[in-house]
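Biologist: I would like to learn how to read a helix and a strand in a model. Could we go through them one feature at a time?

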Amino acid sequence: MMAEEDYAPLKLRAADLRDLTVISAMVQDALAPIGDMAWLPEEGRFVMALNRFRWEADSGEAENPPRPHQRVHSGLRFDTVRNVQYRAIDPRDRSRYLEVLAIACDEGKVVIHFAGGAAIRLEVDELRCVLADLGEPWPTAWRPAHEID
């Protein structure tokens, strides 16, 4: 695990499903304000700001004493986007936050899945995605947990 003084902002690119799987893992449990999402059709881009949980730096409870959990502001960008569709999301509800579960891709469609059944589907010419941290991490007491069925 990283010591805080060793922090280097994360910057990842995805051009295939294997790359996207890594980005999906890094954004799991990120908080995404609808007001900080935008489709830029003239640029063929979809962008969103995230409050990302730093899974790559989390020790859970393995350390004694446990290190504080961390979050960091990040940006997620998809290029070559032709169309965007929303499920259970009103893009005008700019004060609402969504919790990212996963990102999937199949046959020219990228789907960002959120808690509660919400989703954003991007129709893309090719998979081109970038995830980049945009600042310094900060401590948080809350560590995301998931029920296992």
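Biologist: Which residues in helix α1 are buried?

Modeller: This is a predicted model. Buried means under 20% relative accessible area. In α1, which covers residues 17-27, L20, I23, S24, M26 and V27 are buried. Seen down the helix axis, these buried residues fall within an arc of 160°, so they line one face of α1.

Biologist: What do the buried residues of α1 pack against?

Modeller: Contact means heavy atoms within 4.5 Å. The buried residues of α1 pack against β1 (11-14), β4 (45-53), β5 (69-78), β7 (97-106) and β10 (129-133).

Biologist: What is found at the start of α1, and what just after the helix?

Modeller: At the start, a side-chain oxygen of D16 comes to within 3.2 Å of the backbone nitrogen of R18. Just after α1, D29 has a positive phi of about 75°.

Biologist: Now the strand β5. How many of its ten residues are buried?

Modeller: Eight of the ten are buried, so β5 is largely enclosed by the rest of the structure.

Biologist: How many bridges join β4 to β5?

Modeller: Two strands pair if DSSP finds at least two bridges between them. β4 and β5 are joined by eight bridges and run antiparallel; A49 has G75 in β5 as its bridge partner.

Biologist: In which sense does β5 pair with β10, and with β11?

Modeller: With β10 the pairing is antiparallel, over five bridges, and the bridge partner of L76 is L131 in β10. With β11 (residues 138-140) the pairing is antiparallel over three bridges; there H69 stands opposite T140.

Conventions: Residues numbered from 1 in each chain as written. Predicted model: local features only at pLDDT ≥ 70, side-chain atom pairs only at ≥ 80, totals over all residues. Heavy atoms only, no water. Buried < 20%, exposed > 50% of the residue type's maximum accessible area, 1.4 Å probe, protein only. Helix = DSSP H or I, 4+ residues; strand = E, 2+ residues; numbered from the N terminus. Arc of directions from axis to C-beta. Polar contact = N/O pair within 3.5 Å; in protein donor to acceptor, adjacent residues only side chain to side chain.
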